[in-house]
Amino acid sequence: MIAIVGRPNVGKSTLFNRLVGMRQAIVDETAGVTRDRHYGTSDWNGRSFSVIDTGGYARNTDDVFEEEIRKQVHLAIDEADVILFMVDVGSGITDFDQMIADILRRQKKPVITVVNKVDTSDRMYDSHQFHALGLGGNLFCISSAQGHGTGDLMDRIIELLPPAAEIREGLSIPHIAIVGKPNVGKSSLTNALLGEERHIVTPVAGTTRDAITTRYNKFGHDFMLIDTAGLRKKGKVHEDLEFYSVMRAVRAIEYADVCILMLDASLGVESQDMSIFNLIIRNKKGCVLVVNKWDTVVKDSHTMKAYQQTIIKRIAPFTDLPIIFTSVTEKQRILEVLNAAAKVCENRNRKISTSKLNDIMLPEIEQYPPPAIKGKYIRIKYITQLPTPVPSFAFFCNLPQYIREDYKRFLENKLRSHFDFTGCPIQIFIRQK
């Protein structure tokens with residue numbers, strides 16, 4: 001996890017948007033626009049990492065949010081593995097910069113000084129003054145608006161991150177995370193599965209603060225079960241403790257192999273459920289949807305089917321996943337949840353031989369070839385599965401640039417119809433033959 005810190009208006013959100021590859025944080029010339037932390041995922045040379053954009057650190061200003069922003073910066077620093085300290089070459093070292101540098105020097109974490117707005121060679125010479133902040137030799141000159149120097153910065157971030165092997169240590173058995181909004185019954189499900197009152201359960205939303213990992217070894221299953229804190233909307237996260245809880249829950253999703261996303265049957269699929277679902281899919285994790293508190297719904301013979309159709313409409317286009325209706329308090333169908341999670345885990349690790357893939361998929365492609373564009377015919381010659389932790393397939397063809405997204409979806413649907421990848425996102429790559 002990377003935290004971007006610095007005083008207001010040095011370009012933190014611009015760099016954040018560049019790292020995550022989308023305009024997620026608001027960027028404006030007005031100082032102090034960012035007040036909440038923004039959270040995103042970045043990928044560089046095959047390594048993924050999380051990025052937190054914090055509000056500008058300030059003291060003794062007339063901004064009513066100043067105290068809250070300062071707290072959030074401290075929390076982000078505590079949670080991060082690498083800290084990017086942003087400064088502005090145009091204004092040189094300010095009192096605020098000195099104040100933040102003083103905090104960062106006390107941290108036992110790698111700090112990279114990022115000198116922003118270096119868009120001419122003259123400004124390169126001015127950047128050396130920032131060595132006076134005493135934060136070591138990790139100093140990079142960039143222009144976050146234009147992207148100059150960000151490649152070298154990313155290379156350095158990857159060097160300073162904990163090795164991937166170290167992160168995956170202890171994750172040799174599957175990890176299954178139970179996630180969802182507060183008060184949908186995540187801890188109750190964990191207790192019911194473990195057969196003991198392991199976690200505190202109350203009607204108060206937000207009782208669970210930390211992500212609690214327990215080894216589950218029953219009924220032929222062996223995996224780590226992670227009960228997480230409820231993920232609520234950013235605007236409703238008021239206290240420091242809850243910020244930690246949310247970050248731990250997000251990390252639990254990143255480390256898990258399969259996520260059990262719990263919904264409240266009485267509320268249906270809300271926007272926050274969709275945010276968590278999209279986070280799971282963005283991180284390419286297996287997913288099982290559990291509709292809890294099914295005993296509270298007034299039902300007839302068609303209710304379950306209609307409810308299932310509503311969910312499928314909301315989560316499209318990724319609809320190939322198990323949906324289970326449970327009542328944890330009544331112990332209804334809770335073992336089905338485990339069986340489904342174990343099956344998704346197995347599907348996620350499924351490897352298909354190249355010969356079998358080509359024998360099955362090439363006739364399908366021949367029957368429905370990619371549409372010709374500008375009089376050019378696209379021919380897919382060869383398919384292979386890539387050696388990645390999630391199911392990924394490379395299709396080799398003569399004109400990869402002309403294959404559209406809808407045809408990629410067609411290929412994915414054909415793969416799903418012939419091979420069991422229920423609950424797992426599939427990645428499709430079109431490569432030059």
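**Notebook: cores, helices and salt bridges**

**Entry 1. The cores**

I looked up the largest nonpolar core and found 29 residues in it. Those with the most contacts inside this core are V179, L261, F277, I280, L289, V291 and I311. I took a nonpolar core as a set of buried Ala, Val, Leu, Ile, Met, Phe, Trp, Tyr and Cys residues joined through side-chain atoms within 4.5 Å. Buried means under 20% relative accessible area, exposed over 50%, and partly exposed in between, with a 1.4 Å probe and protein chains only.

The model is predicted: local features need pLDDT of at least 70 and side-chain atom pairs count only at pLDDT 80 or more, whereas totals for chains, interfaces and linings use all residues. Residues are numbered from 1 along each chain as its sequence is written, and side-chain values use heavy atoms, with hydrogens and water left out.

Helices (H or I, at least four residues) and strands (E, at least two) are DSSP runs, numbered from the N terminus. The largest share of the core, five residues, comes from α9. I noted the general rule that nonpolar side chains tend to be buried together in soluble globular proteins.

I also examined the contacts of L261, leaving aside its neighbours within four places in sequence. Its partners include V179, F277, I280 and L289, and also G180 and D273. Contact here means heavy atoms within 4.5 Å. A second, separate core has 25 residues, among them Y216, V288, I324 and V328.

**Entry 2. Helix α10**

I checked the length of α10, which runs over residues 303–315. Its 13 residues reach 19 Å from the first C-alpha to the last, close to the 18 Å expected at 1.5 Å a residue. The expected span is 1.5 Å times one less than the number of residues.

Which residues of α10 are buried? They are T303, Y307, I311 and I315. Seen down the helix axis, these buried residues fall within an arc of 90°, so they line one face of α10. The arc is that of the directions from the helix axis to the C-beta atoms. On the other side of α10, K305 and K313 are exposed. I recorded that the cover over the buried residues includes β10 (258–264), α9 (271–282), β11 (286–292) and β12 (323–325).

**Entry 3. Salt bridges**

The criterion is a side-chain nitrogen of Lys or Arg within 4 Å of a carboxyl oxygen of Asp or Glu.

One of them pairs D97 with R7, the closest N and O atoms being 3.1 Å apart. This pair links distant parts of the chain, 90 residues apart: D97 is in helix α3 (residues 95–105), and R7 is in the loop between β1 (2–6) and α1 (12–20). Both D97 and R7 are buried.

E346 and K343 form another, with the closest N and O atoms 3.8 Å apart. They are three residues apart in helix α11 (residues 334–348), so about one helical turn separates them. I noted E346 as partly exposed at 45% relative accessible area, and K343 likewise as partly exposed at 34%.

In helix α13 (residues 405–418), E405 and K408 lie three residues apart, about one turn of the helix. Their side chains meet in a salt bridge at 3.5 Å, N to O. K408 is partly exposed, with a relative accessible area of 22%. I also noted a network in which salt bridges that share partners join K343, E346, R350 and D420.

I found helix α7 (residues 186–194) mostly covered, with eight of its nine residues buried. Among the buried residues are K186, L189, N191 and L194. G195 follows α7 and has a positive phi, near 75°.

R156 lies in helix α5 (residues 150–160) and counts as partly exposed at 23% relative accessibility. Beyond its neighbours within four places in sequence, R156 is in contact with I112, N138 and F140. R156 and N138 are 18 residues apart in sequence and 8.5 Å apart in space, C-alpha to C-alpha.

**Entry 4. The chain overall**

I counted 13 helices and 15 strands in the chain. Of its 433 residues, 51% are buried. Among contacts between residues at least 6 apart in sequence, 69% join residues at least 24 apart.
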